[in-house]
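Reader: I am new to this structure and would like a friendly tour. Could you show it to me and then take my questions?

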Amino acid sequence: MDSKVSKGGIALLKDITIGQYIPGNSVIHRLDPRTKILFMITYIISIFLIKDFRIYIPLGIFLLWVIFSTKIPPKYVLKGLKPLVFIIVLTVGLNIFMTPGIVIARLGPLTITKEGLNLAGFMATRLIFLVMGTSLLTLTTSPKSLTDGLDFLLKPLTKIGFPSEQLTMMMTIALRFIPTLFEETDKIMKAQTARGADFESGNIFQRAKNLIPLLVPLFINAFRRADELATAMEARCYRVGEGRTQLKALRFGRIDYLALIFTFLFMASIIASRIL
């Protein structure tokens, strides 16, 4: 029973890479967090602006270069796609069979169209590139640096009443505790399996019912951690608002300016390719 679960849900939990941080001294690690956030925003926008599939080729080559530059094992980055295999397959299937256009083949009542294949390829590529890119941001940027970068970029919005510091703090805490929650889920699943719980067999309704022994202690532990974190922050007199200073102020270096120039040229080329 234990080996059966470890090959199923528990193995899937260990494949989650978003929210995890791997310390390093690569060029990507040393970039200012604001530079990486701005490039990530540009990267995400460009993914959805590309209308020529051939442009994804140089984008994919660049993404591979970034992965090898971080010195993070490529398998570690790629395994973050495993939890999304079902979503990718479902998206591809829906686009192939539900998009009207020139019919290429028929499978009973279902038809495969040229436009459907084209749209399915675009959607699958976008999802893969999106997950890999966002994973690299969190893998190479510590939660503290990510908070400081987001707070700096959102600070101008405070003039119109936008709670930038509260938002960035919540986002950072959420990213910080994603791996912790998955580790606790792993432990609880193993403990419940040792007591005879079965998370694999049965139909979808039986599986949902069997998750109750997992979700109840997980939610209790999550609320307990939140309460402990709030108590620790209050004990240290932590207050979100004006007047807070930083031990290490963010500073742009020469490599950051080069990266920002590259980001601007990259976005300009994507827009130009879409117009032309």
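Predicted model: local features only at pLDDT ≥ 70, side-chain atom pairs only at ≥ 80, totals over all residues.

Reader: How many helices and strands does the chain have?

Author: Helices (H or I, at least four residues) and strands (E, at least two) are DSSP runs, numbered from the N terminus. By that count, the chain has 2 strands and 13 helices.

Reader: What percentage of the residues count as buried?

Author: Buried means under 20% relative accessible area, exposed over 50%, and partly exposed in between (1.4 Å probe, protein chains only). Of the 276 residues of the chain, the buried share is 35%.

Reader: Which residues does Tyr43 touch?

Author: Contact means heavy atoms within 4.5 Å. Not counting residues up to four places away in sequence, Tyr43 touches Leu59, Leu63, Phe129, Leu130, Gly133 and Phe266.

Reader: Are α4 and α13 roughly parallel or roughly antiparallel?

Author: Axes are lines fitted to C-alpha atoms, for helices over the stretch in contact, and angles run from 0 to 180 degrees between N-to-C directions. Angles under 35 degrees count as roughly parallel, over 145 as roughly antiparallel, 65 to 115 as roughly perpendicular and the rest as oblique. The axes of α4 and α13 come within 10 Å and cross at roughly 10 degrees. The two helices are therefore roughly parallel.

Reader: Which helices do the buried residues of α5 pack against?

Author: The buried residues of α5 are Tyr56, Leu59, Gly60, Leu63, Val66, Ile67, Ser69 and Thr70. Their packing partners are α3 (27–30), α4, α6, α8 and α13.

Reader: How far apart are the end C-alpha atoms of α5?

Author: The expected span of a helix is 1.5 Å times one less than its number of residues. For the 15 residues of α5 that gives 21 Å, which agrees with the distance between its end C-alpha atoms, 21 Å.

Reader: Is Gly116 buried or exposed, and what is its relative accessible area?

Author: Gly116 lies in helix α8. Leaving aside neighbours within four places in sequence, Gly116 is in contact with Asn95, Ile96 and Thr99. Gly116 is buried, and its relative accessible area is 0%.

Reader: Which residues does Arg126 touch?

Author: Arg126 also belongs to helix α8, and Arg126 is buried, with a relative accessible area of 14%. Arg126 and Ser46 are 80 residues apart in sequence, and their C-alpha atoms are 9.9 Å apart in space. Not counting residues up to four places away in sequence, Arg126 touches Ile47, Phe48, Ile50 and Tyr56.

How values were computed
Residues numbered from 1 in each chain as written. Heavy atoms only, no water.
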